[in-house]
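Look at the structure below and find the ligand in it. The text then leads from the ligand to the parts of the protein around it.

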Amino acid sequence: MGSYISHSAAETEAFAEALARSLVVGSVIGLAGDLGAGKTQFVKGLARGLGITERVHSPTFALLNSYEGVRGPLFHLDLYRLETDQQVIDAGLEEYLHAPAGISVIEWVDRWRGPMPQGYRRFELETMDERTRRIIYDHPGD
Ligand SMILES: Nc1ncnc2c1ncn2[C@@H]1O[C@H](COP(=O)(O)OP(=O)(O)OP(=O)(O)O)[C@@H](O)[C@H]1O
Ligand SMILES: [Mg+2]
């Protein structure tokens, strides 16, 4: 259990960039927090930490974007438009939540109530004011 206060979008990116160092193929990162909390900003930092230079944008309509990183693909999911576990399964996204053949990062992760893999890490971004966010995580380390 821990938290980190980010004072800018750049600090949120740097926090996620540092986290990227500990990720390997099969790692799953979940992101929670309201609209505009900074989930996509977080993914930008993660992507940078994985050597991805492609522009990262929210896959709200695509549901899934993938980018080629130095340690294999980064799968970027956004479950905002999905309401039930069955919809997640029907969209063909379950393997990305369970056992991805790369690193998965999932915006609106709380839409999925099914099981998560061992080592799963969830980060919740809380908007404190216009530029300040509290990033809360419930696992030891980082
Ligand atoms: N400390 C901060 N951390 C992250 N983003 C910040 C911070 N301060 C300001 N921002 C701004 O807040 C916005 C966050 O947008 P972002 O798209 O990352 O949110 P989101 O959580 O992905 O929203 P959505 O649920 O719509 O996908 C950006 O415009 C960013 O510049
Ligand atoms: Mg987003």
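What follows describes the surroundings of the ligand and then a pair of aromatic rings.

The model shown here is predicted. Start with ligand 1, whose space is the largest pocket. The elements that contribute two or more residues to the shell around ligand 1 are helix 1, residues 9-20, and helix 2, residues 39-49. Of these, helix 2 gives the most, with 3 residues.

In total, 19 residues surround ligand 1. Thr12, Lys39, Thr40, Gln41 and Arg131 are the closest of them. By type, the residues of this shell comprise 9 polar, 6 charged and 4 nonpolar ones.

Some polar atoms can be followed one by one. On the side chain of Ser6, a polar atom lies 3.0 Å from a nitrogen atom of ligand 1. The backbone takes part as well: a polar backbone atom of Gly36 is 2.9 Å from an oxygen atom of the ligand. For Ala37, a backbone N or O atom lies 3.3 Å from an oxygen atom of ligand 1. Taken alone, ligand 1 exposes 640 Å², and the protein buries 74% of that area.

Now turn to the aromatic rings. A pair of aromatic rings is described by the distance of the centres and the angle of the planes. Across the whole structure, a search finds 8 aromatic pairs. One of them joins Phe42 and Phe123: the ring centres are 5.4 Å apart and the planes stand at 45 degrees, so this pair is tilted. Because Phe42 lies in helix 2 and Phe123 in strand 6, residues 121-127, the pair ties together parts that are 81 residues apart in sequence.

How values were computed. Residues numbered from 1 in each chain as written. Chains lettered and ligands numbered in written order. Predicted model: local features only at pLDDT ≥ 70, side-chain atom pairs only at ≥ 80, totals over all residues. Heavy atoms only, no water. Near = heavy atom within 4 Å. Polar contact = N/O pair within 3.5 Å; in protein donor to acceptor, adjacent residues only side chain to side chain. Areas by Shrake-Rupley, 256 points an atom, 1.4 Å probe, with all protein chains shown as cover. 1 Å grid on protein atoms, 1.4 Å probe; cavity = no way out; pocket = protein on both sides within 12 Å on 5 of 7 lines; lining within 4 Å. Sits in = over half its atoms within 2 Å of the grid points. Helix = DSSP H or I, 4+ residues; strand = E, 2+ residues; numbered from the N terminus. Nonpolar A, V, L, I, M, F, W, Y, C, P; charged D, E, K, R; others polar. Phe/Tyr/Trp six-rings, centres within 6.5 Å; stacked < 30°, edge-to-face > 60°.
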